[in-house]
Every structure is written in structure tokens, then in C-alpha cells.
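Please read the following report alongside the sequence and the model.

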Amino acid sequence: MLVNIFLKLYSTQSGKIKQRYGSLMGELHMIELEKGKSGLSLSLAGNKDRSRMSVFVVDIDANGAAGKDGRLQIADELLEINGQLLYGRSHQNASSIIKCAPSKVKIIFIRSTEAVN
């Protein structure tokens, strides 16, 4: 019974995420991480095209929470953290949201080969 409830909740949540970001090119991912003493240990940057606000992972400390977990990769575009939108925000704004987040974070991101170019 508990498994069915979880699957329905995950399916509903996944559907909402696909509805919100389905028009973006790439593969959507949702992960949960526990921040370490030094946070997630990510370096972020904005889009080269200044008219499109977005937040990309440009470096991952191998000894930090995200590096040890291994699911985030360089060039992944962060879309949400704990339900707060990062898509359409500056990387400075995203950094402050991540720093203020509680120790357990849910991250929604998109992985696209286009982002590397």
C-alpha cells in the first residue's frame, strides 16, 4: 500500500515537472542530496546568451556532496531546488538560494548535449 502511494505521488510529481519543463531540450532529472559541511560544492555560471537567464554547473568538487553522489555533471542546467525556481534567474541568485536551502535538497535539472556547445 505504501509503495502504491509513493508511486502515485512520484508519478504526479514527475508529470508536473514534465508539464513545466517539457518544452526544454534535454533529459529531465530529479535528485535528492544531503548538503555537506561545505554545501553541495558546486560552481555555477550563467548562460553566454545574456538574454536567456539560466544556471549551469561548471565545476563539481569531487570531495563535496554532489561530487561524491555523482549524479550531477558539468553542463547540467539547474531548474529548481526544493521547489524554488532557478530557471530564468541569474547564477548569483541561484547560488544564494542553494546556500540558504536546508541540508536535504531536491534538485530538478536538465541534461542536454546542446548545453556543452
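## Surface and overall make-up

The chain has an accessible surface of about 7500 Å², and carbon and sulfur atoms account for 53% of it; accessible areas come from the Shrake-Rupley method with a 1.4 Å probe, and for residues only the protein chains shown count as cover. The model is a predicted one, in which local features need pLDDT of at least 70 and side-chain atom pairs count only at pLDDT 80 or more, while totals for chains, interfaces and linings use all residues. Residues are numbered from 1 along each chain as its sequence is written, and side-chain values use heavy atoms, with hydrogens and water left out.

The chain holds four helices and six strands, which follow one another in the order α-β-β-β-α-β-β-α-β-α; here helices (H or I, at least four residues) and strands (E, at least two) are DSSP runs numbered from the N terminus. Of the 117 residues, 35% count as buried, a term that stands for under 20% relative accessible area, with exposed meaning over 50% and partly exposed in between (1.4 Å probe, protein chains only). Among contacts in the chain with a separation of 6 or more, 62% are between residues 24 or more positions apart, where contact means heavy atoms within 4.5 Å.

Strand β4 (77-81) is mostly covered, since five of its five residues are buried. Pairing is assigned if DSSP finds at least two bridges between two strands. By that criterion β4 runs antiparallel to β3 (residues 55-60), joined by two bridges, and also pairs in the antiparallel sense with β6 (residues 104-111) over four bridges. Glu77 of β4 is the bridge partner of Phe56, and Glu77 also has Ile110 in β6 as a bridge partner.

A further antiparallel pairing, over two bridges, links β4 with β5, and in it Ile81 stands opposite Gln84. These two strands form a hairpin with two residues between them, and Asn82 in the turn has a positive phi of about 50°. Most residues other than glycine have a negative phi. Asn82 counts as partly exposed because its relative accessibility is 33%.

Ala75 lies in the loop between α2 (65-69) and β4, and its phi, near 85°, is a positive value in a residue other than glycine. With a relative accessible area of 14%, Ala75 is therefore buried.

Asp76 is found in that loop between α2 and β4 as well, and it is buried, with a relative accessible area of 1%. Its side chain is joined to that of Arg111 by a polar contact of 2.8 Å, that is, a pair of N or O atoms within 3.5 Å in which, within protein, one must be able to donate a hydrogen and the other to accept it, and residues adjacent in sequence count only if both atoms are side-chain atoms. Not counting residues up to four places away in sequence, Asp76 touches Val55, Phe56, Val57, Arg71, Phe109, Ile110 and Arg111.

## Leu44 in strand β2

Leu44 belongs to strand β2 (residues 42-46) and counts as buried at 15% relative accessibility. Its C-alpha atom is separated by 4.7 Å from that of Val57, a residue 13 positions apart along the chain. When residues up to four places away in sequence are not counted, the residues that Leu44 touches include Val55, Val57, Leu78, His91 and Ile98.
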